[in-house]
Amino acid sequence: MVVIEEHKHPQHNIKSQKFDNPDKLYLPVSQHTGKPASVCMEKGAEVEEGQLIARQNGYISACIHAPKGSKVTDITPWYHPNFGRMESLVLKCTKESKSYKTRSNVGGLYPEELLDIIQKKGIVGMGGAAFPTHVKLKPPKNIDTLIINGCECEPYLSADYRLMKENLKEICKGVELICRIVKPKKVIFALEDNKSDVAKKINLFSSIKKFNIPGLETTVLKSTYPQGGEKQLIFSTTRRKISGDKLPLDVGCIVQNVATCFAVYEAVYLDKPLIERMVSFCGDALEEPKNIWVRIGTTLQELFEKKILSFAGEPKKIISGGPMMGVTLDCLNYPVLKGTGGFLFLNRDAKNYEEQPCIKCGRCVDVCPMNLMPLMYAKMVKHEEFGRLNEFYIKDCIECGCCAYICPSRIPLVHYVKTGKKYAVADK
Ligand code: SF4
Ligand code: SF4
């Protein structure tokens, strides 16, 4: 683990804004882990806000809905941060935003009905991995602990913090619903110590039993990176270790991000699909870093054209996500996806440091949260000794980037890990 300068201000303390009237939306059919959704609208179709436009395709997949009342003007490959280009529905927005009424019978819904709503509303994990929530909430084993992840350990990003500051009650209602489905004995709300104001509020909720959340407690963790990583978080809060191919459910845990809990609340109480989310726009290349509610599919280009965002100077680097695990973008055509927590715009020259030989200082080993030996991955990949990578547990690597961050020889260790993982699998 590493202590990194947080860069959370000023956006951390500024109330979020809303951008509700995009002209165009670009919705890739893959915004989740698993099989891409299959398009169920033809070019030229008129769709209402919240209408299904791409169906879940297989068990691990998720539905996609129209974020605004609009016309489908095209179905074409479009920019996607993880895949380069991906089949996308292009919508021209034609209608005002819809208002949502609260469902009256939430208390009477059975767990299976709650799961069905979550599935039909296309809810996925909003902390980054975008794993379909209906699958995660139907574990094949008993769960005793639900961990709510409010850490947001990546530098700069503060969308989860603003969401907790502004919508904590709704998040807790989402947690209540999840508890009705997975029936944990205990719920741990995990936060970093830069969010202790939120922890105080949750402790108050817990003491007055404001919500029906069993065994609710908060854990305030040191603000280090990658404190919010799933395996790391489970170990920090429960001391349970997950190794190799094992999953959180193998140690009796499920982790849900706070934004996902909010989306579950909206799906069940408001009958609203996942069509909007809070996104952090941050970094020193922006005149005014801020958190904004945006419709899924809104492009960066449109946010700048409409002057919702403006540059303080020519950005040298644009990243989807945070600086540690984010993906570098080559233009502003990329849309906000369900799993997009933020965009980072940096003024600093992104120098291409030349990789130097390993000096065997061991710093990468010291900081690795998974107790791995990153230097060995670089060595083995360079020497094409792929068969040995599994001996060094390469699959345990969570690609957090701590090793590359600390390496004095500027060795791109995560790049070697990613390459190594591909060949280690092929070599099996
Ligand atoms: S931190 Fe870099 S230089 Fe040091 S042992 Fe690891 S790979 Fe080698
Ligand atoms: S080896 Fe993997 S888990 Fe360990 S520090 Fe590097 S990227 Fe993170």
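Ala, Val, Leu, Ile, Met, Phe, Trp, Tyr, Cys and Pro count here as nonpolar, Asp, Glu, Lys and Arg as charged, and the others, Gly among them, as polar. By these classes, the shell around ligand 1 has 10 nonpolar, 2 polar and 2 charged residues.

This is a predicted model, in which local features need pLDDT of at least 70, side-chain atom pairs count only at pLDDT 80 or more, and totals for chains, interfaces and linings use all residues. Residues are numbered from 1 along each chain as its sequence is written, while chains are lettered from A and ligands numbered from 1 in the order in which they are written.

**The two ligands**

A residue is near a ligand if its C-beta atom, placed from the backbone, lies within 6 Å of it. Helices (H or I, at least four residues) and strands (E, at least two) are DSSP runs, numbered from the N terminus. The table sets out both shells.

| Ligand | Residues around it | Closest residues | Helices supplying at least two residues each |
|---|---|---|---|
| Ligand 1 | 14 residues | Cys358, Cys361, Cys364, Leu375, Cys407 | H8 (363-367), H9 (374-382) |
| Ligand 2 | 16 residues | Cys368, Pro374, Cys397, Cys400, Cys403 | H10 (402-406), H11 (413-427) |

The shell around ligand 2 has 14 nonpolar, 1 polar and 1 charged residues. Its largest share, 3 residues, comes from H11.

**Domains**

The domain assignment, which is automatic or from a database, gives domain 1 (20-100 + 273-346), domain 2 (106-270) and domain 3 (363-427). The centres of domain 2 and domain 3, taken over C-alpha atoms, are separated by 30 Å. Two residues are in contact if their C-beta atoms, placed from the backbone, lie within 7 Å. By that test, 8 residues of domain 2 are in contact with 7 residues of domain 3. The domain 2 side of this contact has 2 nonpolar, 4 polar and 2 charged residues.

Two strands pair if DSSP finds at least two bridges between them. One open sheet of 4 strands has the order S11-S10-S9-S12, with parallel pairing. Which strands stand at its edges? They are S11 (216-221) and S12 (253-257); each has a single partner strand, so one side of each is left without a neighbour in the sheet. From one strand to the next, the twist averages 25 degrees.

Strand S10 (residues 186-192) is joined to S11 by 6 bridges. Glu192 has Leu221 of S11 as its bridge partner. Helix H4 (residues 196-207) packs on the sheet, touching S9 (145-150), S10 and S11. The direction of H4 makes about 165 degrees with that of S11. Axes are lines fitted to C-alpha atoms, for helices over the stretch in contact, and angles run from 0 to 180 degrees between N-to-C directions. Helix H6 (residues 258-270) lies across S9 and S12, at about 80 degrees to S12.

S9 and S10 pair in the parallel sense over 6 bridges. Thr145 stands opposite Lys186 in S10. A residue is buried if 20 or more other C-beta atoms lie within 10 Å of its own, with C-beta atoms placed from the backbone. In S9, 6 of the 6 residues are buried, so S9 is largely enclosed by the rest of the structure. Thr145, Ile147 and Asn149 point one way from S9, and Leu146, Ile148 and Gly150 the other way.

**The antiparallel sheet**

A further open sheet of 3 strands has the order S3-S5-S6, with antiparallel pairing. S3 (38-39) and S6 (64-65) are its edge strands, each with a single partner strand. Strand S5 (residues 52-55) is joined to S6 by 2 bridges. Leu52 stands opposite His65 in S6.

Terms used: A residue is buried if 20 or more other C-beta atoms lie within 10 Å of its own, exposed if 12 or fewer, and partly exposed in between; C-beta atoms are placed from the backbone.
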